[in-house]
Amino acid sequence: MTFPLLTSKALSQAGFSHGFTTRLGGVSPPPYDALDFAVLRDPALLRENQARLAAAVGFDAGVLHQAMQVHGATLLVAGGDPAATLALDADALAAEPGTGHAVAVRVADCVPVLLADPSTGRVAAAHAGWRGVVADVVGASVRHLLAAPGAGTASGLVAAIGPSIGPCCFEVGADVADRIVSASSPSARDRRVGDKAFVDLRAAVRAQLRALGLADDAIDDVPGRGPSGCTRCERERFYSYRRDGDASGRLLGVIVAR
Ligand SMILES: [Zn+2]
């Protein structure tokens with residue numbers, strides 16, 4: 001069975017088990033084929049997809065923690081029953097060192113961000129669409145890691161930005177683009193077209209991470225920048241809500257505490 005998992009060199013080198021899924025390698029039928037992680041569809045198929053992911057990444061499927069994502073900036077620390085956590089509203093999750101807990105976010109165009117502190121083994125996963133960028137879910141995640149006992153410095157943190165909609169496809173109103181730019185950097189506005197603009201959410205997240213003190217070379221783009229990493233452009237590899245609407249499955253970004 002092939003189970004393509006996209007990984008970050010920087011996170012791997014720091015010793016963190018993690019990955020970004022594609023739509024390949026699962027058991028979900030069309031139109032959600034095949035590795036759908038949406039939480040409100042067939043539970044048996046979801047369990048099988050999660051079991052395959054856990055085996056591929058290397059964690060116990062029973063400690064996969066997720067929350068109900070609402071495009072905000074609330075962070076939860078994983079613990080207790082994952083089913084209970086899943087009922088709580090949060091767009092970032094952190095896992096404590098030594099627990100082996102896995103934290104994950106579901107996306108279909110929004111940006112999945114994985115963060116790790118090599119000095120403690122503590123990790124976080126954040127779900128950052130444009131609303132999350134404006135709400136600063138990335139900042140909430142970084143600040144959590146830096147405030148924890150034994151935390152390292154911002155310049156020692158490692159981050160990976162996963163598959164998401166690219167500036168080729170992410171068209172928004174000028175007002176939305178202004179809000180994203182003011183929360184990140186002018187580099188987030190790729191180009192203006194009339195009263196619309198195309199926005200680079202990856203660039204916005206990178207700018208936020210850089211402003212928080214992360215080193216540029218400690219922030220990985222997975223699978224890379226440009227159309228090769230765009231969820232809407234790559235129908236064969238990725239789900240995209242902009243492209244497929246309610247017929248879109250969900251990708252997962254997951255990282256395990258060390
Ligand atoms: Zn695109």
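In what order do the 6 strands of the open sheet stand? The order is S4-S5-S8-S7-S9-S13, and the pairing is mixed. The model is a predicted one: local features need pLDDT of at least 70, side-chain atom pairs count only at pLDDT 80 or more, and totals for chains, interfaces and linings use all residues. Residues are numbered from 1 along each chain as its sequence is written.

**View 1. The whole chain.** The chain holds 8 helices and 14 strands (DSSP runs numbered from the N terminus; helices are H or I of at least four residues, strands E of at least two). Its C-alpha trace spans about 50 × 45 × 30 Å along the principal axes. A compact globule of 258 residues would have a radius of gyration near 18 Å, and the chain, with 17 Å, agrees (taken over C-alpha atoms; the globule rule is 2.2 Å times the number of residues to the power 0.38). Of the 258 residues, 48% count as buried (20 or more other C-beta atoms within 10 Å of the residue's own; exposed means 12 or fewer, partly exposed in between; C-beta atoms are placed from the backbone).

**View 2. Strands S7 and S8 with helix H5.** S7 (residues 111–117) pairs with S8 (residues 122–128) in the antiparallel sense over 7 bridges. Val-111 stands opposite Ala-128 in S8. Helix H5 (residues 137–147) lies across S4, S5 (92–95), S7 and S8, and runs at about 170° to S8.

**View 3. The largest nonpolar core.** This core has 74 residues, and Val-103, Val-123, Ala-124, Ala-125 and Ala-159 have the most contacts inside it (a set of buried Ala, Val, Leu, Ile, Met, Phe, Trp, Tyr and Cys residues joined through C-beta atoms within 7 Å). H7 gives the most to the core, with 6 residues. Leaving aside residues up to four places away in sequence, Ala-125 touches residues including Leu-93, Val-105, Leu-114 and Ile-255 (contact: C-beta atoms, placed from the backbone, within 7 Å).

**View 4. Helix H7.** In H7 (residues 201–211), 9 of the 11 residues are buried. Among them are Leu-201, Arg-202, Arg-206 and Gln-208. Just after H7, Gly-213 takes a positive phi of about 110°.

How values were computed
Pairing = 2+ DSSP bridges. Contact = placed C-beta atoms within 7 Å. Axes fitted to C-alpha atoms, helices over the stretch in contact; angles between N-to-C directions.
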